[in-house]
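Dear colleague,

My notes on it follow.

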Amino acid sequence: MTEETVLAAYEGEREAVSRKPLVALVGRPNVGKSTLFNRLVGERVAIVHETPGTTRDRHYADVEWQGRVFTLVDTGGLIRDPSDTIAEQVQRQARLAIEEADIIVFITDVLDGVTGADQRIANILRRTEKPLVLAVNKVDNLEREQGVYEFYALGLGKPVGLSALRGLKTGDLLDEIVDALADVSLEGDISSAVRVAIVGRMNVGKSSLLNQLLGQERVIVSDVPGTTRDAVDMSITYGEEEVTLIDTAGIRRRGRVERGIEQYSVLRALRAIGRADVVLLVIDALDGVTAQDSHIAGYIVDEFKSVAVLVNKWDLVEKDTDAAMLFEEHVRYRLQFLPYAPVLFISALTAQGVERVLPLALHLYHERYVRLEDAEVNDILQEAIARRSPPRGRGKRLIIYEGRQAGVAPPAFAFTVNDKRLVHFGYERYLKNCIRERYTFEGTPLRLTFSNRG
């Protein structure tokens, strides 16, 4: 494939995209927020425990209902702490969720009735202009349904009685959420600019890198971990491209996130990954790739974003002839699930290698929009099958009839087979490698889907 073909495909496919609306579940401890989150998402992705405050981190997942897709966030962290009153924590957490979310789902407990903490949250919500859905949980029988009417006293409109544990009337709640989405405007997030998010652990030099890219001190730089609290967007023009740089707060490993403002920063950083086209994962050359770095990389993979690994503070490393090669081997070993990500060695302090960052980010962005012809995809498929036969299972062998590229950003390939249950993860990975042999799709994940013929 020629460079002209690649650029033509990119120009033909490029379009502005908007973020998904954010729906936050808020409420007192132990009212069933995590149970409801799991029920709506359809899988157990959050820890559920009888002890109040079990959820130490915000958990998020995409939910689709009636053709609408939104991101659901379980806001935990309302932990009973002798050093802090529950009222203060309720108000802090509620305000953080309100500020970031597009829609608030306020969860209450029919067994407790309207509590003082519920009233405090309601007072905060009543003063906002954001769409609100009031849910009364643990309504498991007709007798408890009578208790739902008590929650009209909160002054937040009609309450929806449901049981997250049994799944009763959760569809009614989803209907209310989808109706509320009609009043949510996301136009402010629509942009044709290339969105590049700078993410990483705390104190790895993200803000220093941003300042170097901008050529001026636009972001506070400090050696105190956690200085940057919010995701900050900066727009620049590089060549003929409009680029939006998104600086984010450092992300700590799950379970190490403190309550309050830092937890809110993590949510914003994850949201920045979600709305970015390209993510620059910054790691500290002095620390190497840590468990936290792998954790962040996992978020990037989950969102199918193009990614480059930037090894910062390279000027502080004692180097010999093979230093860069050995360190890249270390990166590849620790981030084995990102074999396609380029590794760039930089120093945000001295500007070493920084001039290569934006050209690399734009190159990865263009890679997201490369489209292969159907004939080329089927050539790759036939060569792959000839070199390695598809696996057997259930008394038969997998047959792959044809393939095509179904989409871009990220590149998506669809294959028609005799029985998709026979597709093994190892063979899917093999097909991805075969595709990359023909065209690298550097820094960009590939999405493969398999469907039965007919």
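Throughout these notes, a contact means heavy atoms within 4.5 Å. The model is a predicted one, in which local features need pLDDT of at least 70 and side-chain atom pairs count only at pLDDT 80 or more, while totals for chains, interfaces and linings use all residues. Residues are numbered from 1 along each chain as its sequence is written, and side-chain values use heavy atoms, with hydrogens and water left out.

The chain as a whole

The chain contains 13 helices and 17 strands; helices (H or I, at least four residues) and strands (E, at least two) are DSSP runs, numbered from the N terminus. Of its 454 residues, 52% are buried, where buried means under 20% relative accessible area, exposed over 50%, and partly exposed in between (1.4 Å probe, protein chains only). Among contacts in the chain with a separation of 6 or more, 71% are between residues 24 or more positions apart.

Strand 4 (residues 103-109) is largely enclosed by the rest of the structure, because seven of its seven residues are buried. Both of its faces are covered, with Ile103, Val105, Ile107 and Asp109 on one side and Ile104, Phe106 and Thr108 on the other. Two strands are taken to pair if DSSP finds at least two bridges between them. Strand 1 (residues 22-27) pairs with strand 4 in the parallel sense over five bridges, and Ala24 has Ile104 as its bridge partner. Strand 5 (residues 132-137) also runs parallel to strand 4, joined to it by six bridges; here Val105 stands opposite Val133. Together, strand 4, helix 4 (residues 116-126) and strand 5 make a right-handed β-α-β unit: with the strands pointing away from the viewer, the path from the first strand over the helix to the second runs clockwise.

The sheet 15-16-17

Three strands form an open sheet of mixed pairing in the order 15-16-17. Strand 15 and strand 17 (447-452) are at the edges with a single partner strand each, so one side of each has no neighbour in the sheet. The twist averages 25° from one strand to the next; axes are lines fitted to C-alpha atoms, for helices over the stretch in contact, and angles run from 0 to 180 degrees between N-to-C directions. Strand 16 (residues 412-417) and strand 17 run parallel and are joined by six bridges, with Thr416 opposite Ser451. Helix 12 (residues 374-387) packs on the sheet, where it touches strand 15 and strand 16, and its direction makes about 140° with that of strand 15. Helix 13 (residues 425-438) also packs on the sheet, touching strand 15, strand 16 and strand 17, at about 120° to the direction of strand 17.

Gln405

Gln405 belongs to strand 15 (residues 400-407) and counts as buried because its relative accessibility is 4%. A polar atom of its side chain lies 2.6 Å from the backbone nitrogen of Leu372, and one lies 3.1 Å from the backbone oxygen of Gly407. Leaving aside neighbours within four places in sequence, the contacts of Gln405 are with Val370, Arg371, Leu372, Asp374, Val377, Pro411, Ala412 and Phe413.

With kind regards

Key. A polar contact is a pair of N or O atoms within 3.5 Å; within protein, one must be able to donate a hydrogen and the other to accept it, and residues adjacent in sequence count only if both atoms are side-chain atoms.
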